[in-house]
Amino acid sequence: MAKLIYSLEGAVLGDFTLDKERITIGRRASNDIHIDNLAVSGEHAAIVTIGRDSFLEDLDISNGTLVNGKPIKKRVPRHSDVIEIGKYQLKYVSEAAENTATSGSPEDFEKTMIIRPAAMKAMTTENHAAKMQATNIQPPACS
């Protein structure tokens, strides 16, 4: 399960486990992660977690949400991403990345190839042309 490490100017203030489907971040006390600072909106951002996948969403506020120094609207956070809200930082720590670091490198796992439909069509066309060439069959002329 992923978590956020909450800090200000390098001093760790706490951490939050992403153990709910939706976690809100903002200045209102009703937020799951309450940041009492005027640069933070009432409901500033939200993290939605489905299974092991999390999605960070800026809730269209005036001060914006930054990830690694760049403004975002929606983003899938990656291990070690730093979410900046006002002058506060929330470092995203993925349990899966931590387990990979301790159990082996990504190269230790089976590789998977994804073939998209356009690539399949191109491969089929290339194979068809190669077969025609191998049997000395000329493709029909285009008129």
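Visitor: Which residues of the largest nonpolar core touch the most other members?

Guide: This is a predicted model. Its largest nonpolar core has 19 residues, and L4, I25, I35, I83 and I85 touch the most other members.

Visitor: Which elements give two or more residues to this core?

Guide: They are β1 (3-8), β3, β5 (45-50), β10 and β11 (88-93). With three residues, β11 gives the most.

Visitor: What makes a set of residues a nonpolar core?

Guide: Members must be buried residues of nonpolar types or Cys, joined through side-chain atoms within 4.5 Å. In soluble globular proteins, nonpolar side chains tend to be buried together.

Visitor: Which residues does I83 touch, leaving out those up to four places away in sequence?

Guide: I83 touches L4, I47, L56, T65, L66, V67, Y88, Q89 and L90.

Visitor: Why is V76 called partly exposed?

Guide: Its relative accessibility is 49%. Exposed means over 50% and buried means under 20%. V76 falls in between, so V76 counts as partly exposed.

Visitor: Why is R27 called partly exposed?

Guide: R27 has a relative accessible area of 30%. Buried would need a value under 20%, exposed one over 50%.

Visitor: What does R27 touch beyond its sequence neighbours?

Guide: R27 lies in the loop between β3 (22-26) and β4 (33-34). Not counting residues up to four places away, R27 touches H34, I35, D36, N37, L38, V40, S41 and G42. G42 is 15 residues from R27 along the chain, yet their C-alpha atoms are separated by 4.5 Å.

Visitor: What makes the pair R27 and V40 a polar contact?

Guide: A polar atom of the R27 side chain lies 2.5 Å from the backbone oxygen of V40. The cut-off for such a pair is 3.5 Å, and 2.5 Å is within it.

Visitor: How many helices and strands does the protein have?

Guide: There are two helices and eleven strands. Along the sequence the pattern reads β-β-β-β-β-β-β-β-β-β-β-α-α.

Visitor: What share of the protein counts as buried?

Guide: Of its 143 residues, 27% are buried.

Definitions and conventions: Residues are numbered from 1 along each chain as its sequence is written. This is a predicted model: local features need pLDDT of at least 70, side-chain atom pairs count only at pLDDT 80 or more; totals for chains, interfaces and linings use all residues. Side-chain values use heavy atoms; hydrogens and water are left out. Buried means under 20% relative accessible area, exposed over 50%, partly exposed in between (1.4 Å probe, protein chains only). Helices (H or I, at least four residues) and strands (E, at least two) are DSSP runs, numbered from the N terminus. Contact means heavy atoms within 4.5 Å. A polar contact is a pair of N or O atoms within 3.5 Å; within protein, one must be able to donate a hydrogen and the other to accept it, and residues adjacent in sequence count only if both atoms are side-chain atoms.
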